[in-house]
Amino acid sequence: MSWSTASGRKEVEANLRRIGGQSDEDIDLAEAALWLAALDRPQVSLDRYQHHLELLAHDTAEEFAANEVEGDITAQIAAINTVIFERHAYQGDSLNYDDLQNANLMRVIDRQRGLPVALGILYLHCARAQGWNIQGLNFPGHFLLRMDAKDDRRIIDPFHGGNQLSTADLRAMLKALGGPEAELRSEHYRPVSNRMILKRLQDNIKIRLLRAQEVSEALEVVETMLMFAPSEASLWREAGILHAGQDNLRAAILSLEQYLSLCESPDARHEAASLLQQIKSNLN
C-alpha cells in the first residue's frame, strides 16, 4: 500500500471500494479510517498519518518489552495506555463532543482528541500490531473494547484514558444511557466486526448532519459507508429513504431494490416493498 498524497476523491473512493471487497478479518481498521478521513481532505498526504500509526505500534512494543510479563493482560493494557494517553497525550473530547473533527481520524491525530470509536481504533491498532486479542464491543451509546488473554478478560474505555470497567460500571453506564429499566445482557459483551466499527465511526458524522438538517451531506456519508460495507442491507434502506426525501426517486428505487435483495426479514421486506411501490407511483 502506497500512502502518497491521494490524487483526489476518485482515488480515495477506489481504496474504500477495495476495502469493501476484502473479508472483514483482512480489513486494517486504522488504514480504512484514514481513507474515510481523506474523503474530506483528498489532497493531503497520508504519509505522516501512516508514520504516526507505525510509531504508536512501535512505542507500544517498546513499552511492553520494558515491563513484559508474558501473557499478562495488565501489562498489555498498561503499555497501550502509557503510549496513547501519556506519551502521545490523546484524550476524549468531552468539551466539543459533537465536533465532526472528532470522527475524522486524520483530524483526531492532528488534535490528539476524538470520540470513543476514533480513539478505540487507535487502541485496536496498537494492540493488534502486537498480536494481542482485542475486539470492539456491541455496547450501545459508548464504544468500548474487550481484551482477552488466557483466562483473563478486561473491558476498556478508550475515551476515558483506557479505564478498565467492572460489571457494575457497565450496568451503571447502560442505565445512564437507556434509563433505569435497562439491563446488562450478554449481547453487550459481543464483539463487533471491523466493518461495523467503521460504520459506527461514520454514523457519528451522519447523525450530527441529520440533526443539523444537512440531509444531502448525510446521504453522502451513507453512500460512503456502502463503499466499504456493500452487503449491509440497512444502509441500502437508509440510502433509499434519504434519496426519496431529496426527490432522487430513481436512486431511491435502486437503493430499495438492493435492500430487498439483501434483507431476510419478511416484515421488513414487506415494509420496504410498500415504500418502493409508493415511490414508483410517484415517479409515474
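Strands, as the term is used here, are DSSP runs of E with at least two residues, and helices are runs of H or I with at least four; both are numbered from the N terminus. The model under discussion is predicted.

1. Asp93 lies in the loop that links strand 1 (91-92) to helix 5 (105-111). Is Asp93 buried or exposed? Its relative accessibility is 2%, and Asp93 therefore counts as buried, the cut-off for that class being under 20%.

2. The side chain of Asp93 forms a polar contact of 3.2 Å with the side chain of Asn102. When residues up to four places away in sequence are set aside, Asp93 touches Asn102, Arg111, Arg113, Gly114 and Phe159.

3. Helix 1 (residues 9-20) comprises twelve residues. From first C-alpha to last it reaches 16 Å, close to the 16 Å expected at 1.5 Å a residue.

4. Val12, Glu13, Asn15, Leu16, Ile19 and Gly20 are the buried residues in helix 1. Viewed down the helix axis, they fall within an arc of 160°, so they line one face of helix 1. Their packing partners are helix 2 (29-38), helix 8 (194-211) and helix 9 (215-228).

5. Helix 2 and helix 8 also meet one another: their axes come within 10 Å and cross at roughly 30°, and the crossing is right-handed. On the helix 2 side the contact involves Leu29, Ala32, Ala33 and Leu36; on the helix 8 side it involves Asn194, Ile197, Leu198, Leu201 and Gln202.

Definitions and conventions: Residues are numbered from 1 along each chain as its sequence is written. This is a predicted model: local features need pLDDT of at least 70, side-chain atom pairs count only at pLDDT 80 or more; totals for chains, interfaces and linings use all residues. Side-chain values use heavy atoms; hydrogens and water are left out. The expected span of a helix is 1.5 Å times one less than its number of residues. Buried means under 20% relative accessible area, exposed over 50%, partly exposed in between (1.4 Å probe, protein chains only). The arc is that of the directions from the helix axis to the C-beta atoms. Contact means heavy atoms within 4.5 Å. A polar contact is a pair of N or O atoms within 3.5 Å; within protein, one must be able to donate a hydrogen and the other to accept it, and residues adjacent in sequence count only if both atoms are side-chain atoms. Axes are lines fitted to C-alpha atoms, for helices over the stretch in contact, and angles run from 0 to 180 degrees between N-to-C directions. A crossing is left-handed if the near helix is turned anticlockwise from the far one by less than a right angle, and right-handed if clockwise.
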